Amino acid sequence: MHNKRPIHTTLSTEAMRILERYEKELGTKNVVLERALMGMDKLRFKEKLDAQSISRIIKRVNTGIPLFDRNIEGGVPEGFIVVVTGQPGIGKTTFSLQFLLEGAKNNERCILFSFEEMAEQIIKQSIRFGWDIGEYMERGFLEVFGFSRFSTEEILEIISVFKPKRIAFDSLNIFSDANNFRRSTHWRNILKEIKEKKITCFAVTEKKGDPEKEEFDEFDFMADGVILFNKKYENEIDPHPTYYIHVKKMRLTRVNEIPHPFIFTDHGIELIGTICERKTADSSNGPTPVDRQNMDLSIDKQ
Ligand SMILES: Nc1ncnc2c1ncn2[C@@H]1O[C@H](COP(=O)(O)OP(=O)(O)OP(=O)(O)O)[C@@H](O)[C@H]1O
Ligand SMILES: [Mg+2]
């Protein structure tokens, strides 16, 4: 038809579409239009990298736990896949439900794919925390698939029909083998859909073995973020462990790497104490009064 130079590869998909349409109509290559589009693309790129506009570009999604969100610059970046991991009974499902309910409260459609628990049990657990999960389900903002046995195609179909803004998978260990996970075409197809639709996703995974050793698996490397749940005993005779939530990784985000204690309340998970902000380059003039206050605060063990 007409000669195309590799220069096209630097154009965005949108610009390529415009160029191809005009070149088709004209029946020849149009260098002027191509240059103009490239210029526009460059401007777009520059705007994207501008530090001033970065907070506008990275939209943050609230988790439903305000103190936790403060720990990660206001929330999870939209469209992220975040692994929620830890030992059994540590709060992974509760945390994921809380995240979905926060979305439903904001009129976002949310889905929970639970691979091991019945929907009824999940609803009961929510009621115990005083969450009106039924109301959100009735209004069409929350869908819970208990004991899911869906194929990849079915999951993709549900996503395409329901159009969720948030999804939680509980847990990925049931869905896929951790060792072959990243190469699995099933998961890659789902991942592609989630990324393209900018769905924010919590993926629960299980940590086996000694929690002190903090061993990482394929799930952790795949994810944009990793939130580790853990518990520690003060000493050998301490009957009540302290539960901790620990952000091990959150791409595009400055994280406070200190494990933060939390408790289960009648309303779900709540972080206790305050956030000790991590020092940044712009705080080189020494800590502000707020920094000092945060650094001095000790955490009340409840
Ligand atoms: N209403 C409640 N009040 C206080 N704590 C509760 C309440 N309901 C559940 N819990 C605590 O929450 C913990 C279970 O949380 P959750 O089911 O979220 O854990 P999990 O990490 O998903 O567990 P699993 O690995 O078994 O799926 C239990 O240890 C339980 O003691
Ligand atoms: Mg669970």
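User: How are α8 and α10 oriented to each other, parallel or perpendicular?
Analyst: In this predicted model, α8 and α10 are roughly parallel to each other, a label for angles under 35 degrees, where over 145 counts as roughly antiparallel, 65 to 115 as roughly perpendicular and the rest as oblique. The axes of α8 (residues 152-162) and α10 (residues 185-196) cross at roughly 10° and come within 10 Å; axes are lines fitted to C-alpha atoms, for helices over the stretch in contact, with angles running from 0 to 180 degrees between N-to-C directions.

User: Which residues of α8 and α10 meet there?
Analyst: From α8 there are Thr152, Ile155, Leu156 and Ile159, and from α10 there are His186, Asn189, Ile190 and Glu193, with contact taken as C-beta atoms, placed from the backbone, within 7 Å. By class, this contact has four nonpolar, three polar and one charged residues; Ala, Val, Leu, Ile, Met, Phe, Trp, Tyr, Cys and Pro count as nonpolar, Asp, Glu, Lys and Arg as charged, and the others, Gly among them, as polar.

User: Before we go on, how is the numbering done, and what does the prediction limit?
Analyst: Residues are numbered from 1 along each chain as its sequence is written, while chains are lettered from A and ligands numbered from 1 in the order in which they are written. Because this is a predicted model, local features need pLDDT of at least 70 and side-chain atom pairs count only at pLDDT 80 or more, whereas totals for chains, interfaces and linings use all residues.

User: OK, the sheet: what is the strand order?
Analyst: The order is β5-β4-β6-β7-β3-β8-β9-β10-β11, in an open sheet of nine strands with mixed pairing; strands pair if DSSP finds at least two bridges between them, and strands (E, at least two residues) and helices (H or I, at least four) are DSSP runs, numbered from the N terminus. β5 (142-145) and β11 (268-271) stand at the edges, each with a single partner strand, so one side of each has no neighbour in the sheet.

User: And β7, which strands is it bridged to?
Analyst: Strand β6 (residues 166-170) runs parallel to β7 (residues 200-206) and is joined to it by four bridges, with Phe169 opposite Ala203 and Arg166 opposite Thr200. Strand β3 (residues 81-86) also runs parallel to β7, through six bridges, and there Gly86 has Glu206 as its bridge partner.

User: Is β7 mostly covered or exposed?
Analyst: It is mostly covered, since six of the seven residues of β7 are buried, meaning that 20 or more other C-beta atoms lie within 10 Å of a residue's own, where 12 or fewer is exposed, anything in between is partly exposed, and C-beta atoms are placed from the backbone.

User: Switching to the ligand, which residues are around ligand 1?
Analyst: The residues are Gly86, Pro88, Gly89, Ile90, Gly91, Lys92, Thr93, Thr94, Arg128, Phe129 and Phe264, where near means a C-beta atom, placed from the backbone, within 6 Å. Helix α5 (residues 92-105) gives the largest share of this shell, three residues.

User: Where is the cis peptide bond?
Analyst: The bond from Asp170 to Ser171 is cis, with omega near -5°, and Ser171 lies in the loop between β6 and α9 (172-175).

User: What about Asn107 and its phi?
Analyst: Asn107 has a positive phi, near 60°, although it is a residue other than glycine, and Asn107 sits in the loop between α5 and β4 (110-114). Asn107 counts as exposed because it has 11 C-beta neighbours inside 10 Å.

Technical notes:
Two residues are in contact if their C-beta atoms, placed from the backbone, lie within 7 Å.
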